[in-house]
Amino acid sequence: MLNRTSPGRRLPALKMVIATATIMIITTIAIPKYRTRQSHVRVTAAISTIRRIQVVQVQYRSQYGRYARSLGELVVANLIDDDLAQGTKQGYRFAVTACADGYVVEAKPVAQTDDSDQHLVVPVNCGPEYPGNRYVDPPPPDSKRGHRS
């Protein structure tokens with residue numbers, strides 16, 4: 001005698017396959033968007049931390065007559081939080097280095113998860129000789145543009 005399954009037993013298996021396929025499709029769409037959003041959040045937090053370091057550098061300069069050459073100097077002056085004192089915060093490793101009459105704040109992703117995690121470099125008063133300083137000399141104004149007759 002042949003063992004045949006009734007049509008009623010095949011229906012739950014079909015529902016399970018459809019549900020699994022639907023979950024896989026939603027996951028395929030949602031995960032890349034989630035990762036992009038998380039990366040955006042990390043970059044935004046890093047920019048906020050860089051701004052905080054810049055404010056603290058102004059405070060340091062008003063007290064000591066020069067900019068701090070490292071995060072360590074900002075720690076000794078008790079101007080930055082303990083979590084930033086270690087150099088790593090919210091997925092980025094921060095560093096402050098001296099240059100000319102200013103400083104450079106650098107933020108590198110701790111683990112580069114995708115292309116949207118950016119390496120951020122902010123030079124302040126470093127002069128045109130600093131290789132990362134792209135905005136020292138603005139382009140000359142175009143005589144044809146902006147000229148009113």
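1. A quick definition to start: a disulfide here is a pair of cysteine sulfur atoms within 2.5 Å. Keep in mind that this is a predicted model. By that cut-off, the structure has one disulfide, and it links cysteine 99 with cysteine 126 at an S to S distance of 1.8 Å.

2. Where do the two cysteines sit? Cysteine 99 belongs to strand β2 (residues 92-99), while cysteine 126 is in the segment after β4 (120-124), so the bond ties together parts 27 residues apart in sequence. As for handedness, the torsion about the S-S bond comes out at about -65 degrees, so this disulfide is left-handed. Both cysteine 99 and cysteine 126 are buried.

3. On to the sheet. It is an open one, built from four strands in the order β1-β2-β3-β4, with antiparallel pairing. The edges are taken by β1 (88-89) and β4; each has a single partner strand, so one side of each has no neighbour in the sheet.

4. A closer look at one pairing: strand β3 (residues 102-109) runs antiparallel to β4, and five bridges connect them. Valine 104 faces proline 123, the latter in β4.

5. Last, the rings. There are three aromatic pairs in the structure. One of them is tyrosine 92 with phenylalanine 94, a tilted pair with 6.4 Å centre to centre and 40 degrees between the planes. Are these two residues buried or exposed? Tyrosine 92 is buried, at a relative accessible area of 0%, and phenylalanine 94 is buried too, at 4%.

How values were computed: Residues are numbered from 1 along each chain as its sequence is written. This is a predicted model: local features need pLDDT of at least 70, side-chain atom pairs count only at pLDDT 80 or more; totals for chains, interfaces and linings use all residues. Side-chain values use heavy atoms; hydrogens and water are left out. Rings of Phe, Tyr and Trp (its six-membered ring) pair if their centres lie within 6.5 Å; planes under 30 degrees apart count as stacked, over 60 as edge-to-face and the rest as tilted. Buried means under 20% relative accessible area, exposed over 50%, partly exposed in between (1.4 Å probe, protein chains only). Two strands pair if DSSP finds at least two bridges between them.
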